[in-house]
Amino acid sequence: MNLPINYLDYMKGLLGDEYSSYIDSLNRPSYHGLRVNRLKISKEELKDKLSFSLEEIPFIDNGYIYADKENPAKDVYYHAGLYYLQEPSAMLPANRLPIEKGDRVLDLCAAPGGKATELAGKLSNTGLLYANDISASRALALLKNLELTGASNIFVTAEKPENLSVKFPLFFNKILCDVPCSGEGMFRKEPSLIKSWIEKGPEYYQNIQRTIIDNAYEMLCEGGLLMYSTCTFNEKEDEENIAYFLDKHNDMELIDIEGYEGFSNGRLGLTKCVRVFPHKMIGEGHFMALLKKKGECVKCDVGNDFAPSKIISIALKNKKEAIDYKLPPLKDNGYREGIRYIRTGLMLSESQAYAMTLNSDNFDNCLNLTHDDIRTVKYIKGETIFLNENETLHPGLSLILCDNYPLGFAKSDKSGKLKNLLNKSYRMN
């Protein structure tokens with residue numbers, strides 16, 4: 001790996017006697033992780049279902065490492081949303097942000113959704129998950145991953161943080177800011193980031209990061225928690241930003257993060273911050289700081305009722321028909337005005353998002369396939385499938401499942417033919 005001399009010099013000063021161990025770690029393979037979807041299955045149940053070997057991630061309660069030779073993205077259960085593929089240490093920020101059911105949670109830089117899907121699992125379809133990314137194209141990928149998870153309490157936008165802070169002052173109980181950064185901690189996993197680092201180093205990102213956390217502060221309610229994280233090592237993007245933030249906002253304080261033996265303390269006297277180094281634990285490089293706004297946390301009633309009575313109809317632009325949505329629980333319906341939103345709530349009708357929230361207990365017309373049934377893979381590939389002689393379905397909209405986990409919809413007819421309605425973006429290549 002051809003690393004810039006000025007980067008290596010910086011790391012020598014940062015790590016001292018540990019520098020050679022860090023350099024050695026860059027010559028070892030990176031780790032591959034998957035995180036269990038809390039909304040659908042337990043960690044133990046998933047391990048029993050998967051055919052490949054898994055090793056527990058010791059610092060994540062719902063995470064596993066899998067071998068490089070495995071390809072879990074090709075497994076049927078991945079397409080059923082039972083797990084998300086994520087680098088092990090990247091699981092930490094969402095894991096260490098304490099979430100309670102009913103919270104209003106903001107993931108401010110959320111795409112492609114690795115952290116947002118974990119936050120959704122912790123909320124368990126209560127409260128509100130607001131997931132934002134400034135890029136509209138990346139926000140679409142974010143939406144797909146949240147839909148695959150089976151989350152229904154979502155609000156997905158593609159907005160600048162400063163626009164959101166005007167719209168939602170003092171609104172969220174918990175905020176995650178996994179900010180864009182120079183990516184030094186990911187050099188082993190993604191060497192292409194080295195070129196980007198040369199073009200745009202830590203100095204470039206620092207002002208961007210400060211703008212993001214300053215706007216996050218405006219949206220954090222009293223008593224609320226803010227997790228700041230990066231995948232870089234430079235103090236400019238890490239401790240210097242936290243020191244700046246604490247100096248500017250004297251009602252914010254650092255609090256302890258649930259520990260692990262491989263964690264390193266923050267620098268510049270900010271010992272409650274956490275540094276993750278690849279030579280000291282499983283995973284790539286990360287930085288975390290958990291901050292609390294002083295005052296008493298008074299939860300506003302955003303409601304947890306996602307019953308059909310909450311369904312309203314919204315006519316989409318350039319379409320004659322109306323699409324049903326189940327909206328996130330917000331008192332003021334004006335929250336969409338002036339916001340570039342991708343999705344507000346759960347799209348109903350025959351949508352893929354709706355299908356991923358269902359099972360045989362709440363949908364009558366179901367075909368429940370097994371993991372090893374050849375029709376399961378055919379369905380995921382977008383092909384037409386047929387009923388066996390001993391199977392029956394009513395003609396019309398049918399839910400296709402694998403071991404009672406939803407995959408999507410199909411249209412059945414009297415002959416036993418099922419027209420595939422699986423959204424193209426969900427299909428197995």
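pLDDT is the predictor's confidence in each residue, on a scale from 0 to 100. The protein averages a pLDDT of 92, and 91% of the residues score at least 70. Since what is shown is a predicted model, local features need pLDDT of at least 70 and side-chain atom pairs count only at pLDDT 80 or more, while totals for chains, interfaces and linings use all residues. Numbering starts from 1 along each chain as its sequence is written, and side-chain values use heavy atoms, with hydrogens and water left out. One stretch to treat separately is residues 303–323, where pLDDT stays under 50. For that stretch the model has 36 contacts (heavy atoms within 4.5 Å) beyond four places in sequence.

Helix H6 takes in residues 114–123; helices (H or I, at least four residues) and strands (E, at least two) are DSSP runs, numbered from the N terminus. H6 is mostly covered, with 10 of its 10 residues buried, where buried means under 20% relative accessible area, exposed over 50% and partly exposed in between (1.4 Å probe, protein chains only). Among the buried residues are Lys115, Glu118 and Lys122. Just past the end of H6, Ser124 has a positive phi of about 55°.

Thr117, one of the buried H6 residues, also turns up in the lining of the largest cavity, alongside others including Arg35, Tyr84 and Asn145. A cavity here is a set of points on a 1 Å grid over the protein atoms alone where a 1.4 Å probe fits but cannot get out, and lining residues have an atom within 4 Å of a point.

S19 and S22 (residues 417–420) run antiparallel and are joined by 2 bridges, with Ile385 partnered by Leu418 of S22.

Met428 sits in the segment after S22 and counts as buried because its relative accessibility is 12%. Beyond its neighbours within four places in sequence, Met428 contacts Lys74, His79, Val377, Ile380 and Lys381.

Notes:
1 Å grid on protein atoms, 1.4 Å probe; cavity = no way out; pocket = protein on both sides within 12 Å on 5 of 7 lines; lining within 4 Å. Pairing = 2+ DSSP bridges.
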